[in-house]
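Student: I would like to learn how to read a structure feature by feature, going from the general idea to the particular case. Could we work through one together?

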Amino acid sequence: MANKIPRVPVREQDPAVRATNFEEVSYGYNAEEAYQEATRCLNCSRPRCVAACPVHIKIPEFIYELTERNVAGAYAIISQDNSLPSVCGRVCPQEKQCEGACILGIKGEPVACGSLERYVGDWAIAHQDELPRPQIEKNGKKVALVGSGPASLACATDLAKFGYEVKVFEALHQLGGVLVYGIPEFRLPKEGVVEKEVNWVKGLGVEFENDVVVGRTFTIDELLDKEGYDAVFIGSGAGLPKFMGIEGENLNGVFSANEYLTRANLMHAYDNAYDTPIYLGKKIVVVGGGNVAMDAVRTAKRMGAEAIIVYRRSEAELPARAEEVHHAKQEGIIFKMLTNPVKVLGDETGTVVGLECVEMELGEPDESGRRSPKEKPGSNFVIDCDVVIMALGTSPNPLIKQTTKGLETNKRGCIVADEEGATSRPGVFAGGDTVTGAATVILAMGAGRKAAKAIHEYLQSK
């Protein structure tokens, strides 16, 4: 029986070696491994994996093509719903989505949908020049997109296929949004994967313009009223970091994970060939337990520091992907659970020398279902360190709200949009982290696809 076949493991760099370099941790499947893993799929008549995928990739259909050794056919199926399969195969939380819903996972190991998607995506990158492009008939209407992250890339892909003239405006000097500034090279190669998949989107006729700050260079209203765009999609992400508000956060050596990772990832601070300054430190504490915290602490380790995670709940409540936590532990990251900072300590020069923390214990579940941490009185202790990185989540930059009349936002500063991405301004749509706050790449892509459909319906009805 197919479900008795063991899951094919993915080959990885040795932990002791990879903790000293920025090369990709996972090697992915080769052709034979992908074929063997594909044969495990039961090809369910009511595939729960498809329902659990935010962009609804036809997972059993593409996997079936792999059992026929037809990789081009598998890519043709995936590309109907996802223009970034190499990216998603690497960074999606599959264990909570497609693989988490897989029937085989009930009594055994689910099909490795993510690794199979990555294999197909990487094959498509290698054969990009040979793959057919969809035939597109232009409809004469223009749509502007703000930000070039996953939400906008997904939205732009579908809009281009619908026949719109699409232009994406990006504030930074490189395209990809969080894919280039937030996720480290060892998880997501920039030139080999992100740049190549963005090039595929360009090949659909989508235009990109860098170094444009919407709200400064020009406003949303100017795009609609002066530049002649028929609709605008805001996919500008959530790049404004949060801090704890504790004493000592303004000391030299305290950073947001956003700044630290942007310097390392986008500006190549880890590479001696670049002059990008970064505050290295010998002992770094990262506060937080999400994927961004794991990215920051694993980056710090590779930069040569002793690296520690401090998190106020227990390991069972860590929001980071299980794979990221597993990899971090393999690489020697120290985890201090049920620990919460109360003060950053500095010396007479205003430089970090330690982090005062308290021990926590878990109380009753809160509204999210997670048990609320409570402070243990008198349990204060100090962790010696010279750098503290806050990885506590992010919110959207307020610039677009401040420069767009009538655009409703909530108390967290996120743009208010309905299920389809429509905002309080007619013709203005939004999706991804700018609506939800910091979330996953694939959820942003799902929002981008929904918004593309809604924009199409809106403009066709006008």
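Student: Leaving aside its neighbours within four places in sequence, which residues is Ser-379 in contact with?

Tutor: Before answering, keep in mind that this is a predicted model. The idea of a contact is that heavy atoms lie within 4.5 Å, and by that rule Ser-379 is in contact with Cys-357, Val-358 and Glu-359, once its neighbours within four places in sequence are left aside. Ser-379 itself sits in the loop between strand 12 (371-375) and strand 13 (381-384).

Student: Is Ser-379 buried or exposed?

Tutor: The limit for buried is under 20% relative accessible area, and because Ser-379 has a relative accessible area of 12%, it is buried.

Student: Which residues does Arg-313 contact, apart from those within four places in sequence, and is Arg-313 buried or exposed?

Tutor: Arg-313 belongs to the loop between strand 8 (306-310) and helix 15 (322-330), and its relative accessible area of 3% makes it buried. With neighbours within four places in sequence left aside, its contacts are Met-337, Leu-338, Leu-362, Asp-366, Arg-370, Arg-371, Ser-372 and Pro-373.

Student: How many residues of helix 8 are buried, and what do they pack against?

Tutor: For a helix, one can check the length and then the cover. The 14 residues of helix 8 (113-126) should span 20 Å at 1.5 Å a residue, and the C-alpha atoms at its ends are 20 Å apart, so the two values agree. Helix 8 is mostly covered, with 11 of its 14 residues buried, among them Cys-113, Glu-117, Arg-118 and Ile-125. These buried residues pack against helix 2 (31-38), helix 4 (59-67), helix 5 (71-78), helix 6 (85-91), helix 7 and helix 11 (190-202).

Student: Which residues form a nonpolar patch on the surface?

Tutor: Leu-42, Ile-103 and Ile-106 form such a patch, with about 270 Å² of accessible area together. Ile-106 is in the loop between helix 7 (98-101) and helix 8, and its relative accessibility of 58% is why it counts as exposed.

Student: How many aromatic pairs does the structure hold, and how is the geometry of a pair read?

Tutor: One looks at the distance between ring centres and at the angle between ring planes, and the structure holds 7 aromatic pairs. Phe-169 and Tyr-229 form one that is edge-to-face, at 6.2 Å centre to centre and with 85° between the planes. Phe-169 lies in strand 2 (residues 165-169) and Tyr-229 in the loop between helix 12 (220-225) and strand 4 (231-234), so this pair ties together parts that are 60 residues apart in sequence. Both Phe-169 and Tyr-229 are buried.

Student: What makes the pair of Phe-255 and Tyr-279 tilted?

Tutor: Their ring centres are 5.5 Å apart and their planes stand at 55°, so the pair is tilted. Phe-255 counts as buried at 13% relative accessibility, whereas Tyr-279, at 33%, counts as partly exposed.

Notes: Residues are numbered from 1 along each chain as its sequence is written. This is a predicted model: local features need pLDDT of at least 70, side-chain atom pairs count only at pLDDT 80 or more; totals for chains, interfaces and linings use all residues. Side-chain values use heavy atoms; hydrogens and water are left out. Patches are made of residues with over 30% relative accessible area and no salt bridge: like charges are joined within 9 Å, nonpolar side chains (Val, Leu, Ile, Met, Phe, Trp, Tyr) within 5 Å. Accessible areas come from the Shrake-Rupley method with a 1.4 Å probe; for residues, only the protein chains shown count as cover. A salt bridge is a side-chain nitrogen of Lys or Arg within 4 Å of a carboxyl oxygen of Asp or Glu. Helices (H or I, at least four residues) and strands (E, at least two) are DSSP runs, numbered from the N terminus. Buried means under 20% relative accessible area, exposed over 50%, partly exposed in between (1.4 Å probe, protein chains only). The expected span of a helix is 1.5 Å times one less than its number of residues. Rings of Phe, Tyr and Trp (its six-membered ring) pair if their centres lie within 6.5 Å; planes under 30 degrees apart count as stacked, over 60 as edge-to-face and the rest as tilted.
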